[in-house]
Amino acid sequence: MSVTDTQATMERDLDRAVEELKVGAERWAQLPVADRGALLRRVHAAIADVAEEWANAAAEAKHIAPSAPYLGEEWMTGPYGALESAAAYARSYEALAAGGSPLDGIDVGAAPGNRVAVRVLPRTAQEWVLFNGFRAEVWMPPGVPARQVREEAGLRAGVVGEYGGVGLVLGAGNISSIAPLDAFYELVAHNRASLVKLNPTFSGLLGVYRKALAPLIEAAVVRIVNGDAAVGAYLTGHGGIDKVHITGSAGTHDAIVWGSGEEAERRRTAGDPRLRVPITSELGGVAPMIVVPGRWSAADLRFQAEHVASMRLHNAGHNCVAGQVVVLSADWAQKDAFLAELRRALESMPARGTWYPGSDAKIARAEAAHPDAEHVAGSLLTEVAAGDPACTDEYFAPVVAWTQLPGEGAEFLRAAVGFANDSLSGTLGANVLVRPADRKAMGAAFDAAIADLRYGSIAINAWTGMSFLLPGATWGAFPGHTVSDVGSGIDVVHNGHLLARPERTVVTGPFRAFPRSVLHGELSLFPKPPWFSSSRSVTDTGRQLTRYAAAPSWGRLVPVLLAAFRA
């Protein structure tokens with residue numbers, strides 16, 4: 001078959017998929033809300049049936065050996081995340097079908113800056129046990145009253161008779177649950193069917209995705225295809241596509257919207273995008289890890305250094321929310337001790353190779369920009385200042401930068417927030433590590449600083465990767481980006497309670513793991529977190545957590561806890 005014939009066949013297949021999705025979206029528009037919820041329950045069951053196949057296929061795509069100590073990451077960021085999301089949307093449908101709201105039973109309180117905070121973790125007694133010591137809130141924009149938040153929850157999920165059209169989901173190539181979760185949100189929040197084009201890195205997961213999402217495929221509201229850049233280009237210009245969602249880089253987004261080279265410059269100047277339909281996006285950025293100085297014990301230094309290293313090394317650094325710049329106080333007496341522990345943590349983490357296409361070139365770019373950087377067990381560690389390439393270039397690889405700013409306490413925190421907002425590219429996720437006593441001493445000044453952080457996800461003594469996996473949390477850039485200045489992206493996904501126009505998610509965890517947490521006055525029984533690269537039981541924890549998510553019960557919760565406490 002000639003190249004021309006191959007292209008023609010490809011286009012016919014894609015045209016047919018789009019037409020099928022149009023019919024499916026029309027049928028979906030008429031489907032009763034209760035039936036929509038039941039369909040998501042069937043999706044949940046289908047995911048559970050292929051969970052092990054999914055995790056193994058994702059590991060194979062990343063060249064992870066079955067014996068690798070970090071295999072559990074693929075369970076948690078693959079089938080576990082998809083199970084939790086499908087269940088959350090099913091619950092929202094069920095609430096709406098019963099004449100209620102997705103926020104029924106959810107606490108709605110206050111947050112700094114005249115904001116409403118929706119408590120999304122813990123939601124149940126089992127979640128209180130499973131995530132003991134953690135809480136998560138979705139903050140709404142300033143001035144939006146609680147009454148309005150409750151009234152608007154649900155988005156278009158409860159609307160029958162509204163045709164949402166056909167969207168194109170350009171899937172990510174680093175985390176295997178992203179593309180399915182994006183398709184879920186398009187369908188639930190907007191009644192929009194999705195043609196999901198997989199990133200080539202996950203082409204081998206096509207079969208397992210089709211099994212996991214079989215109920216949606218049978219309903220003709222999802223189609224999943226493999227394809228290269230030519231397929232993506234054909235679909236972004238397709239007349240049957242009503243909207244595009246992309247998870248990737250700002251460069252790829254801009255190429256879709258504006259083109260490249262002289263064409264892009266001309267179109268930007270004229271305000272004439274080549275993409276004629278709306279686009280939403282999640283595009284990553286340079287994530288800060290702000291370390292608030294205090295009197296830390298040797299164990300605190302060691303634990304939080306492992307935390308920082310894990311934020312960077314999870315998934316070999318190929319995460320859009322991987323911490324990249326550690327922000328330290330130049331006046332912290334323990335700064336050098338912390339850096340020494342960070343080096344030890346990087347050295348002691350299980351060895352893993354980079355696998356994402358282009359990683360070698362990005363590491364080489366980082367090495368060229370930082371010729372004096374330290375090479376620590378496969379990672380690059382370098383000091384930087386504002387204006388350094390590490391502050392604007394998302395390396396998407398095991399490169400850890402650190403910087404130092406003057407001050408202590410609230411003065412340092414204000415400076416660190418200003419640095420993160422003004423000197424680092426992107427607004428997706430920011431991490432803050434602070435000893436509870438130091439947070440208490442800062443009082444309202446700490447809360448005000450967090451409110452000033454312009455990020456779509458903020459983790460305090462946790463990692464923003466939690467926001468990605470928590471089904472009730474929102475995931476996306478801080479509001480305000482446009483197609484002309486896209487930053488970390490536009491709009492949110494993973495919005496299990498279907499909140500209208502959320503601003504950010506804030507996750508708070510314990511500063512220390514059990515039993516040191518309790519010994520130092522923190523009411524938390526949470527062990528070493530499973531996202532720590534040094535966790536010895538992450539694979540068993542991930543497998544048991546996925547089994548629990550498939551059919552939550554106290555009986556299935558016990559094996560999760562037993563595995564987690566072996567970390």
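**View 1. Salt bridge between R41 and E94.** R41 and E94 form a salt bridge, with their closest N and O atoms 2.9 Å apart; the term means a side-chain nitrogen of Lys or Arg within 4 Å of a carboxyl oxygen of Asp or Glu. The pair links distant parts of the chain, 53 residues apart: R41 lies in helix α2 (residues 33–49) and E94 in helix α4 (residues 72–97). Helices are DSSP runs of H or I with at least four residues, numbered from the N terminus. R41 is partly exposed at 34% relative accessibility, and E94 is partly exposed at 38%. Buried means under 20% relative accessible area, exposed over 50%, and partly exposed in between (1.4 Å probe, protein chains only).

The model is predicted: local features need pLDDT of at least 70, side-chain atom pairs count only at pLDDT 80 or more, and totals for chains, interfaces and linings use all residues. Residues are numbered from 1 along each chain as its sequence is written, and side-chain values use heavy atoms, with hydrogens and water left out.

**View 2. Salt bridge between E341 and R344.** The closest N and O atoms of this pair are 3.2 Å apart. E341 and R344 are three residues apart in helix α14 (residues 335–348), so about one helical turn separates them. E341 is buried, with a relative accessible area of 15%, whereas R344 is partly exposed at 46%.

**View 3. Salt bridge between R439 and D447.** The N to O distance is 3.9 Å. R439 has a relative accessible area of 22% and is partly exposed; D447, at 32%, is also partly exposed.

**View 4. Network of salt bridges.** E263, R267, D272, R274 and R276 are linked in this network. The structure holds 32 salt bridges.

Technical notes
Helix = DSSP H or I, 4+ residues; strand = E, 2+ residues; numbered from the N terminus.
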